[in-house]
Amino acid sequence: MPERVTIYEVGPRDGLQNEAGLIPTEDKIRLVDLLTGCGFAKIEVASFVDPRKVPQMADGAALLEGIARGNASYAALTPNLKGYQRARAAGADQVAVFASASEGFSRANINCSIDESIARFRPVCDAAKSGAIPVRGYVSCVIACPYDGPTPPGNVARVAAELLTLGCYEISLGDTIGAGMPQTIKKVLRAVLQVAPPERFAGHYHDTADRALANIEASLELGLRTFDSAIGGLGGCPFASGSKGNVATEAVVELMESMGFETGIDREKLREAATFAHSLRSRS
Ligand code: HMG
Ligand code: MG
C-alpha cells in the first residue's frame, strides 16, 4: 500500500489574497468548485480579517455561500474572536489562527506582539472547542523574517507549543519569504519535533527562491506528511514584501507521486484548475 500524504490547498486564500486587482466572487467560487472536484480533503477558501487591510478577502461570506460543497472541509483564517464569529456565521468548517515566530512580522501582519496574539487566539480556540470546530495554527517566519532577519528555531518551537496548548490540531510551519534551505528547514523541524510528533506539523513553504520542493523533500525525511500548496503557485503575503507564491500544487502532486506517495488528487482535474488559476492571475 502506498503511503498517503495530505496536500492542503491554500490557493483561494493565500494565493488570491496577494492579487492586486479585485477578483469577482463568482470567479473565486469557480476556482473553489474546480478544486473540490480534484479531491482535496481541505481547502482554505477565505480570511475573516479586517477587510480594509486585505480587500481581496472581503467577500468570504459570499464565497462560502456560493460554493458547491463536496467532501472537502472548507477552512478560513480567523485572527480574533470577531473573525471567528464571521467565519462560523458564513459556514466555515474549520478555522485557522496565525501567529509569527518573529515580533516584527507579528506587528506588521496582525498589529500585536506574539504574546498578545496568543491571548487573542485563546477565546477563538475556546469557542471552537465548544462548537467542535477544528482549529489549525500557523507559525510564520519560521526561517527568517523580512523585518527581524533569521529566526532562532527555539522561537518557532515556543510558539508552536503555545498553539498546541491552545488546542490547535496541527501547526503549519510557514516559510513566509521562502528563505529556507533543506539544512535550515531540518534544523527548525528538529526543534519543533522536540515539542510534538511529525503528524502534528505541516510544511507551508513559499517558493520565492525555488527551493520549496527541496524543502518538502527534506521535511518528508523527518516524517512530515502534510504540505500546504497553492494551485498555479498563486500568491504571497501582502505584509511580507518579497514573499512570492506558495509552492504550486501541481508540482507538489507530481513530486509526491514520483516518490510513490498517494495524494488522492485527480491530475486531469488539477490541470483544469491550474489553467483557471493562471487565467485569474493574468486578469488581475
Ligand atoms: P487591529 O487593528 O489590531 O484590531 O487589527 P482591533 O481589534 O484594534 O480592531 C480595529 C478595527 O478592525 C475595528 O474596526 C475592528 O472592528 C476591525 P473600527 O472600529 O476601526 O471600524 N476588525 C475586524 N473587522 C473584521 N473582521 C475582523 C476584525 N478584527 C478587527 N476579524 C487584525 C488586527 C488582525 C484584525 C488586522 O491587523 C488584520 O486584519 N490584519 C490582516 C492580516 C492578514 O490577513 N494577513 C495575511 C494573512 S497571514 C499569511 O498570509 C501568512 C500565512 O500564509 C502563513 C505564512 O505564509 O507564513 C498564514
Ligand atoms: Mg502563506
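Buried, in this talk, means under 20% relative accessible area, exposed means over 50%, and partly exposed is in between, with a 1.4 Å probe and protein chains only. Helices (H or I, at least four residues) and strands (E, at least two) are DSSP runs, numbered from the N terminus. With that in place, take helix H5: Gly-104, Phe-105, Ser-106, Asn-109 and Ile-110 are buried there.

Some housekeeping before I go on. This is a predicted model, where local features need pLDDT of at least 70 and side-chain atom pairs count only at pLDDT 80 or more, while totals for chains, interfaces and linings use all residues. Residues are numbered from 1 along each chain as its sequence is written, chains are lettered from A and ligands numbered from 1 in the order in which they are written, and side-chain values use heavy atoms, with hydrogens and water left out.

Back to H5. What do its buried residues pack against? The partners are strand E4 (94–100), helix H6, strand E5 (135–140) and strand E6 (144–145), with contact taken as heavy atoms within 4.5 Å.

Next, the loop between H5 (103–110) and H6 (114–130), which holds Asn-111. Just after H5, Asn-111 takes a positive phi of about 60°, and this residue is not a glycine. Asn-111 counts as partly exposed, at 48% relative accessibility. Ser-113 is in the loop between H5 and H6 too, but Ser-113 is buried at 17%. Leaving out residues up to four places away in sequence, Ser-113 touches Glu-103, Ser-106 and Arg-107.

The largest pocket has a volume of about 590 Å³. Its lining has 33 residues, and those nearest the centre are Val-49, Pro-79, Phe-98, Asn-109 and Ile-110. Elements giving two or more residues to that lining are H1, helix H4 (81–90), H5 and E5. For the method: on a 1 Å grid over the protein atoms alone, a pocket is an open set of points where a 1.4 Å probe fits, with protein on both sides within 12 Å along at least five of seven lines, and lining residues have an atom within 4 Å of a point. Grid points are joined across faces, edges and corners, and the volume is the space filled by probe spheres set on the points.

Pro-79 is one of the residues nearest the pocket centre, and it lies in the loop between strand E3 (73–77) and H4. Is Pro-79 buried or exposed? Pro-79 is buried, with a relative accessible area of 13%. Beyond residues up to four places away in sequence, Pro-79 touches Phe-48, Val-49, Phe-98, Arg-120 and Phe-121. For scale, Pro-79 and Arg-158 are 79 residues apart in sequence and 19 Å apart in space, C-alpha to C-alpha.

Now the metal. Which residues coordinate the magnesium ion, ligand 2? They are Asp-14 (OD), His-204 (NE2) and His-206 (NE2), at 2.1 to 2.3 Å. Donors are N, O and S atoms within 2.8 Å of the metal (3.2 Å for Na, K and Ca), and water is not among the atoms, so sites may look incomplete. The spacing of the donor residues in sequence is D-x189-H-x1-H. Asp-14 is in helix H1 (residues 11–15) and His-206 in the loop between strand E9 (201–205) and helix H9 (212–221), so this pair ties together parts 192 residues apart in sequence. Asp-14 is buried at 2% relative accessibility, and His-206 is buried at 3%.

Asp-210 lies in the loop between E9 and H9 as well. Asp-210 has a positive phi of about 60° without being a glycine, and Asp-210 is exposed at 66%.

E9 and H9 also turn up around helix H8 (residues 182–192), whose buried residues pack against helix H7 (153–166), strand E8 (170–175), E9 and H9. Those buried residues are Ile-185, Lys-186, Val-188, Leu-189, Ala-191 and Val-192.

Last, Arg-136 and its surroundings. Arg-136 lies over the face of Tyr-8, at 3.6 Å from the ring centre. Likewise the charged end of Arg-30 sits over the ring of Phe-276, 5.6 Å from its centre. The criterion is NZ of Lys or CZ of Arg within 6 Å of the ring centre and within 35 degrees of the ring normal. Arg-136 is also among the contacts of Thr-226, together with Thr-6, Glu-170, Phe-201, Ala-202 and Gly-203, leaving aside neighbours within four places in sequence. Thr-226 is in strand E10 (residues 226–229) and is buried at 11%.
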